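Have the viewer open as you read.

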Amino acid sequence: MIELIDRENHQKLYLQLHSIIKKKIEGGEWPIGTQIPTEEDLCKMFSVSRATVRTAVLELVREGYLKRQQGKGTFIYKSAVSDGISMMTSLRELLFEEDLIFSTDILARTVMMPVDDLDIRLEIPPDKHIIYIKKLHSIDNEPILLQESYIPYHICPLLLEDDMRHASLFDLFEKNYGIKITRVRNHIEITYLNLNESRLLNLTEGTAVILLTQHFYSGDTLIMYTRLIKRPDRFQFLIELERKLL
Amino acid sequence: MSNGKVVKDVMIGIFEYPHVPYWFSIGQAVRIVKVSFISSKKYTDPMAILVFDEKYNLMGTLTLKDILRGLEPDFLKPSAKAQVPEENESGLALIWDTLFTKGTKELAEKPVSDIMTPAKRFVEPGDPVTKAAYLMLHNDLALLPVLEDKKKFVGIVRMIEVFDAVSDAIVKE
């Protein structure tokens, strides 16, 4: 039975359509790897405009349910419940226990060009502008975490006007701009402080510290690349992995 | 003279030009010029970079001339005492050539704030184009920032648009 759009419902049409398609994916009616109907067919099936279909599909692409393939169509990319065994981890736990952070100083919030390998890391052309944000987090006035974030300017042009001292970039994306982070790729290594970093963290140059680099994705779109340098002596951090068996 | 045109009629967007923070090195600025203008064959006039502070306030501009001047060895720079005869100029240029690999690479480590043209003069969107022309001529500026309410950086005025607007009166007569 085809679930239809309820025009008496006050919810926006694209949200209703988004919910219907999501149910089909999660329920297995539309299995992973299959192609979804064309925009035109979806318009006919649900008696909605092309703009409504496009918005709903884009949102599902951003959430990682669908994947667009140039010249071929749009395909089911994943269901909420995996077919196999997956390792799930909460995004929050990878953000270095943000609740423990008492104060944040914004050292820089500006726009620049992607130098070094930033264009590759951000998956953008080298002549596109990016937003650069540098924060220093402290506990009891002791600096413990240096955070540098790089965001392609076109993703969020108004971001610089937001209050970044009291909200994480992660929250700003989700709450102010409706950009849902669906995937975070983390890389942890030991690095050595340069002069500038050592001054900010009150450590000597060359001190070994933990470097966490994160790539934040919404669907297939890379939203942000972040470098977190953390004093190794202040606290540990936890990544909890949960194995989902079907 | 400018047919009543004001700055906002001729200004262009700030994202027409690359942005860098003041702590970027000259070497990084050189690579940005290559990517943004030379490799992409976007030969705008002038080719320049906008330099900002950590709060995204405009600090200055960096033209190709500023960059080359920043890479020039100190002893080649003209001083009031040393008059260099014209015939020796090519010789000095050759010395620069021999020093280029070592000396210039060291100079390229300097921050762009050391060599930029500080942004001291501005126009407002509602100012007449002739005011922009006057400021650019008398201060030898390639670009003029446009500030809204003396604070928000909203655009750029270039000589080509100023020339076009100001010269309309002559062409139309």
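Before looking at any pair of strands, here's the rule: two strands pair if DSSP finds at least two bridges between them. Keep in mind, too, that this is a predicted model.

With that rule in hand, go to strand S6 of chain A, residues 142-152, and S9(A): these two pair in the antiparallel sense, over six bridges.

Now turn to S9(A) itself, which covers residues 221-230. Is this strand mostly covered or mostly exposed? Mostly covered: seven of its ten residues are buried.

S9(A) has another partner to look at. Strand S8 of chain A, residues 208-218, runs antiparallel to S9(A), and nine bridges join the two. Here you can pick out A:Thr213, whose bridge partner in S9(A) is A:Arg227. S8(A) and S9(A) form a hairpin with two residues between the strands, and in that hairpin A:Gly219 takes a positive phi near 65°.

Time to zoom out. These strands belong to an open sheet of six strands in chain A, with antiparallel pairing and the order S4-S5-S6-S9-S8-S7. Which strands stand at the edges? They are S4 (103-112) and S7 (183-192) of chain A; each has a single partner strand, so one side of each is left without a neighbour in the sheet. Going from one strand to the next, the twist averages 15°.

What about chain A as a whole? Its secondary structure comes to six helices and ten strands. Look at the contacts in chain A with a separation of 6 or more: 61% of them are between residues 24 or more positions apart.

Last stop: the place where the chains meet. The contact takes twelve residues from chain A and 16 residues from chain B. On the side of chain A that touches chain B, you'll find eight nonpolar, two polar and two charged residues.

Technical notes. Residues are numbered from 1 along each chain as its sequence is written. Chains are lettered from A and ligands numbered from 1 in the order in which they are written. This is a predicted model: local features need pLDDT of at least 70, side-chain atom pairs count only at pLDDT 80 or more; totals for chains, interfaces and linings use all residues. Two residues are in contact if their C-beta atoms, placed from the backbone, lie within 7 Å. Ala, Val, Leu, Ile, Met, Phe, Trp, Tyr, Cys and Pro count as nonpolar, Asp, Glu, Lys and Arg as charged, and the others, Gly among them, as polar. Helices (H or I, at least four residues) and strands (E, at least two) are DSSP runs, numbered from the N terminus. A residue is buried if 20 or more other C-beta atoms lie within 10 Å of its own, exposed if 12 or fewer, and partly exposed in between; C-beta atoms are placed from the backbone. Axes are lines fitted to C-alpha atoms, for helices over the stretch in contact, and angles run from 0 to 180 degrees between N-to-C directions.
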